[in-house]
Amino acid sequence: MVTKFVTPKDGATVTGNSLDVQIAFSGFRLSCAQAGKPVVAGVGHYHIELDHALVNMYCTEKATVSMQNVAPGQHTLTVLPAMNNHMEVEEGKQSITLNYQPAQPLPAIAASTATKPSIKILTPHAGDKVSGTFTITVAISNFNPSCDLFGKADLAGYGHWHVNVDSMSGPMMGMGTMLGMACSNSFQGSTEGLTPGTHSFFALLVDNQHAPLMPDIFDKVDLVVQ
Ligand SMILES: [Cu+2]
């Protein structure tokens with residue numbers, strides 16, 4: 001499994017506040033539907049890291065990285081192939097250096113003073129049947145979900161949420177069973193790769209660095225996968 005940058009080029013100067021990335025990949029098929037599911041040879045997705053901190057997982061050739069809360073100057077952007085369980089294939093990665101010189105710098109986002117964050121799954125309901133793609137909706141309070149802050153320095157009161165299946169613990173901060181991440185009130189999941197029967201789906205609050213809040217703040221719903 002190999003991934004490389006098509007754009008930007010190594011050494012490029014970035015002046016915009018979001019960075020469009022295009023990658024090339026070989027040796028596997030891209031599937032976000034399979035993410036967080038058992039490893040399948042020849043299937044995976046890729047991760048992008050900014051300064052060696054995970055931004056997100058992707059499964060199309062084009063991705064966008066926000067420069068929110070990124071300081072001007074030299075930064076390292078890395079693309080890494082990942083298996084369904086998010087294990088990265090180090091031999092297949094590529095790193096480039098970028099020089100961020102914002103033409104119109106974004107105002108930095110600062111920590112919030114909100115306390116007692118919470119997340120609650122609104123739909124589907126316990127016992128609902130799901131097959132193929134399905135939507136999980138949540139209500140979040142006292143917390144500021146932000147995709148622009150994916151992989152950036154942690155900020156109190158900011159982060160996003162992960163959806164996990166059957167477990168939210170384990171290696172890589174529990175990401176082995178992560179279907180994906182979200183920063184709105186909904187997430188599109190897929191039952192692809194799951195055995196039919198009852199599975200637990202977790203929605204958990206995490207910080208910008210993808211670590212679950214401590215203590216865990218999550219909700220869980222048991223659904224029947226068909
Ligand atoms: Cu995350």
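Which residues of the largest nonpolar core touch the most other members? I shall come to that after a word on the model. Residues are numbered from 1 along each chain as its sequence is written. This is a predicted model, in which local features need pLDDT of at least 70 and side-chain atom pairs count only at pLDDT 80 or more, while totals for chains, interfaces and linings use all residues.

To the opening question, then. The largest nonpolar core has 49 residues, and those that touch the most other members are I48, I119, W161, V163, A203, L205 and F218. A nonpolar core here is a set of buried Ala, Val, Leu, Ile, Met, Phe, Trp, Tyr and Cys residues joined through C-beta atoms within 7 Å. A residue is buried if 20 or more other C-beta atoms lie within 10 Å of its own, exposed if 12 or fewer, and partly exposed in between, with C-beta atoms placed from the backbone. As background, nonpolar side chains tend to be buried together in soluble globular proteins.

Where does this core lie in relation to domain 1 and domain 2? Domain 1 (2-100) and domain 2 (118-225) both give residues to the core, so it lies between them. The bounds of these domains come from an automatic or database domain assignment.

Let us look at I119 in particular. Leaving aside neighbours within four places in sequence, I119 is in contact with V138, I140, W161, A203, L205, I217, F218 and D219. By contact I mean that the C-beta atoms of two residues, placed from the backbone, lie within 7 Å.

Taken over C-alpha atoms, the centres of domain 1 and domain 2 are separated by 21 Å. In domain 1, 19 residues are in contact with 22 residues of domain 2. On the side of domain 1 that touches domain 2, β5 (43-50) and β6 (53-58) each supply at least two residues. Of the elements there, β6 gives the most, with five residues. Strands here are DSSP runs (E, at least two residues), numbered from the N terminus. By class, this side of domain 1 has nine nonpolar, eight polar and two charged residues. In this classification, Ala, Val, Leu, Ile, Met, Phe, Trp, Tyr, Cys and Pro count as nonpolar, Asp, Glu, Lys and Arg as charged, and the others, Gly among them, as polar.

The strands β5 and β6 also belong together as a pair. They run antiparallel and are joined by five bridges; two strands pair if DSSP finds at least two bridges between them. Is H52 buried or exposed? H52 counts as exposed, because it has 10 C-beta neighbours inside 10 Å.

Next, the sheets. Five bridges connect β1 with β3 (residues 18-26), and V2 stands opposite S26 in β3.

Another open sheet of three strands has the order β10-β12-β16, again with antiparallel pairing. Its edge strands are β10 (118-123) and β16 (186-190), each pairing on one side only. Here the twist averages 35° from one strand to the next. Strand β12 (residues 133-141) is joined to β16 by five bridges, and T135 stands opposite Q188 in β16.

I close with some backbone details. Most residues other than glycine have a negative phi, and most peptide bonds are trans. Which bond joins T123 and P124? It is a cis peptide bond, with omega about -5°, and P124 lies in the loop between β10 and β11 (129-130). The peptide bond from M214 to P215 is cis, with omega near -5°; P215 is placed in the loop between β17 (197-206) and β18 (218-225). Finally, N69 has a positive phi near 60° and lies in the loop between β7 and β8 (73-83). N69 counts as partly exposed, because 19 C-beta neighbours lie inside 10 Å.

Note on methods: Helices (H or I, at least four residues) and strands (E, at least two) are DSSP runs, numbered from the N terminus. Axes are lines fitted to C-alpha atoms, for helices over the stretch in contact, and angles run from 0 to 180 degrees between N-to-C directions.
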